[in-house]
Amino acid sequence: MMKIEAMIRPQKLEAVLEAVHELQLTGMTVTEVRGMGRQRGITYTYRGSQYTTPLSHKVKIELVVNDEMVEDAVRAIQEAAGTGEVGDGKIFLVPVADAIRIRNGERGEPAIS
Amino acid sequence: MKQVRWALTGALLFFGPMARAQGADAPPTADLVWVALSAVLVLLMTPALAMFYGGMVRRINVLSTMMHSFIAMGVISILWLALGYSLAFGTAGSGWIGDFSRTMGNGISTSEPAASGGSSALFMLFQMMFAIITPALISGAIAERMKFGSYVAFIALWSLVVYSPVACWVWNPDGWLLKHGALDFAGGTVVHLASGVAALAAAIVLGKRRALIHREPIPPNNLTMTLVGAGLLWFGWIGFNAGSALAMNGVAVNAFISTHMAAAAGMIGWLVVERIKTGKATALGAASGLVGGLVGITPGAGFVAPVGAVAVGLLTGAACYLAIGLKNKLGYDDSLDVVGVHGAGGLLGAVLTGVFASEAANPAVKDALAGGRMELVVKQVVAVGAVGVYSFVVTMGLLLALKAMGGIRANAEQEDAGLDETMHGEAGYNLY
């Protein structure tokens with residue numbers, strides 16, 4: 001099992017959800033996050049006082065998939081989330097030791113299917 | 001019953017083209033309806049102020065900041081009926097402060113017309129709404145760092161020793177500034193200058209917020225709420241200014257138009273300067289500028305013609321933007337720019353009232369200009385100086401006394417965690 005953590009542009013969330021759905025993958029967690037990569041930061045001005053933050057807005061998608069689905073899922077997310085410009089985000093793959101379904105205690109791959 | 005219907009018709013006509021013709025002959029009941037409606041509008045300004053200020057602070061202080069305005073509706077209402085009203089509008093032989101003849105609702109009649117001043121129950125109510133919002137305005141300068149109990153004690157005492165006397169000077173028929181000939185239609189000096197200057201004293205006594213000292217960001221938690229608050233302030237301010245005519249007449253209509261025009265122009269004035277200086281016209285700037293324009297026209301609403309009001313709005317809107325930069329140069333932490341908006345706007349508005357007062361707006365201006373316009377402007381400056389110095393000195397003394405009696409500032413831990421959690425035991429926004 002592998003956890004796919006993808007930081008994407010917020011406006012690409014719908015496209016990514018569709019692409020992942022087409023692979024019959026269910027179950028994921030979506031979070032609004034701030035992050036920093038090569039993209040420029042943002043400057044806010046409130047009554048003349050300026051605050052510059054290097055952080056830009058992203059959406060983080062986390063989904064845990066079976067090993068054989070990893071490459072398909074990564075490709076689908078990359079295609080759906082990409083624009084070719086700086087700031088498209090990153091995908092991280094993290095090995096997962098185990099998974100437990102809280103409702104009935106199922107473990108391993110059955111818990112995530 | 002017939003009279004009531006007539007009054008409602010009068011109020012509706014106010015919004016129509018016939019208002020001017022109607023005004024002069026309207027029966028007292030129409031006046032009462034207008035002043036009662038205006039009182040409601042002014043009451044709305046305090047929750048509007050809570051939203052305006054509440055949106056600008058960090059999320060850990062949103063409730064505490066809104067509470068600073070709400071608690072004034074509780075505390076000052078009772079205090080005003082019990083004592084404050086009498087100190088402001090009781091018999092004031094000296095011209096400095098009223099006596100105790102109208103304490104606890106005594107000497108107030110429900111059958112008097114509002115314009116009869118001190119003895120009318122409706123006038124007492126209308127004035128109560130002004131008394132509520134004025135100390136709440138100061139709260140913007142002490143946001144995010146004052147102990148709640150100390151704040152309540154402060155506004156209660158301030159209302160009695162600063163607001164009531166100053167209201168007496170300017171509005172009581174015996175008031176010395178009124179007799180002196182200074183023009184203040186709806187409270188530019190009493191409300192805005194007095195609170196703006198008190199805000200400066202309060203910011204100095206309390207000191208800077210820890211986050212400012214440590215150069216931590218202090219981002220506003222919800223500017224959408226601030227914008228709604230500013231919009232509701234604009235709405236309520238119509239009652240504040242046009243209601244101050246205490247009658248449904250031409251002066252009230254002029255005050256309505258001038259107030260509206262100054263708000264519009266204040267927004268534009270601020271945004272133009274902001275755009276030139278920083279390259280962007282901001283939503284917070286639009287909200288701040290319209291409030292600045294409203295502050296500027298408050299003393300002159302019933303004396304300045306609509307075109308003059310546009311000039312007053314543009315100038316105060318622009319001046320307020322420049323004035324908020326002073327705190328960084330001079331080193332006081334006026335959290336939400338009460339000094340820059342209400343202090344500077346109140347000062348400039350009082351002076352500009354002398355510059356733009358016109359007979360076309362109000363026949364009473366003829367007498368005010370009897371000694372020439374320069375003389376009127378000088379009288380305005382005297383009023384500003386007297387109210388400004390008095391409010392600054394007494395506020396400073398009051399806060400230093402409270403400070404000596406047990407401290408007025410939240411401790412470092414409370415300030416870092418936020419006053420919502422530490423003063424009130426709640427949070428404005430919960431995860432679930």
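Is B:Tyr85 buried or exposed? At 0% relative accessibility, B:Tyr85 counts as buried; buried means under 20% relative accessible area, exposed means over 50%, and partly exposed is in between (1.4 Å probe, protein chains only).

Before the close-ups, a word on the model. This is a predicted model, where local features need pLDDT of at least 70 and side-chain atom pairs count only at pLDDT 80 or more, while totals for chains, interfaces and linings use all residues. Residues are numbered from 1 along each chain as its sequence is written, chains are lettered from A and ligands numbered from 1 in the order in which they are written, and side-chain values use heavy atoms, with hydrogens and water left out.

**Figure 1. Chain B as a whole.**
Chain B has 19 helices and zero strands (helices are DSSP runs of H or I with at least four residues, strands are runs of E with at least two, and both are numbered from the N terminus). With a radius of gyration of 21 Å, close to the 22 Å that the globule rule gives for 432 residues, chain B is as compact as a globular protein of that length. That radius is taken over C-alpha atoms, and the globule rule is 2.2 Å times the number of residues to the power 0.38. The C-alpha trace spans about 60 × 50 × 50 Å along its principal axes. Of the 432 residues in chain B, 58% count as buried. Take the contacts in chain B between residues at least 6 apart in sequence: 76% of them join residues at least 24 apart (contact means heavy atoms within 4.5 Å).

A pair of aromatic rings is described by the distance of the centres and the angle of the planes. Here, rings of Phe, Tyr and Trp (its six-membered ring) pair if their centres lie within 6.5 Å; planes under 30 degrees apart count as stacked, over 60 as edge-to-face and the rest as tilted. Searching the whole structure turns up 19 aromatic pairs over all chains. In one of them, the ring centres of B:Tyr85 and B:Phe123 are 6.5 Å apart and the planes sit at 65°, so this pair is edge-to-face. B:Tyr85 is in helix 4 (residues 62-89) of chain B and B:Phe123 in helix 5 (residues 121-142) of chain B, so the pair ties together parts that are 38 residues apart in sequence. B:Phe123 is buried too, with a relative accessible area of 6%. Both rings belong to one aromatic cluster, made up of B:Trp80, B:Tyr85, B:Phe89, B:Phe123 and B:Tyr163.

**Figure 2. B:Trp270 meets B:Tyr321.**
What kind of pair do the rings of B:Trp270 and B:Tyr321 make? Their centres are 5.4 Å apart and their planes are at 80°, so the pair is edge-to-face. B:Trp270 lies in helix 11 of chain B and B:Tyr321 in helix 13 (residues 306-323) of chain B, so parts that are 51 residues apart in sequence get tied together. B:Trp270 is buried at a relative accessible area of 0%, and B:Tyr321 is buried at 7%.

**Figure 3. A nonpolar patch on the surface.**
B:Ile268, B:Val272, B:Ile276 and B:Leu314 form this patch, with about 370 Å² of accessible area together. Patches are made of residues with over 30% relative accessible area and no salt bridge; like charges are joined within 9 Å, nonpolar side chains (Val, Leu, Ile, Met, Phe, Trp, Tyr) within 5 Å. Areas come from the Shrake-Rupley method with a 1.4 Å probe, and for residues only the protein chains shown count as cover. Helix 11 (residues 250-278) of chain B gives the largest share, three residues. B:Val272 sits in that helix and, at 44% relative accessibility, counts as partly exposed.

Side chains of opposite charge can pair when their charged atoms come close. A salt bridge is a side-chain nitrogen of Lys or Arg within 4 Å of a carboxyl oxygen of Asp or Glu. There are 14 salt bridges over all chains. B:Arg209 forms one with B:Asp333, the closest N and O atoms being 2.8 Å apart. B:Arg209 is in the loop between helix 8 (188-206) and helix 9 (210-213) of chain B, and B:Asp333 in the loop between helix 14 (326-330) and helix 15 (338-356) of chain B, 124 residues apart. B:Arg209 and B:Asp333 are both buried. Salt bridges that share partners join B:Arg58, B:Glu144, B:Arg209 and B:Asp333 into one network.
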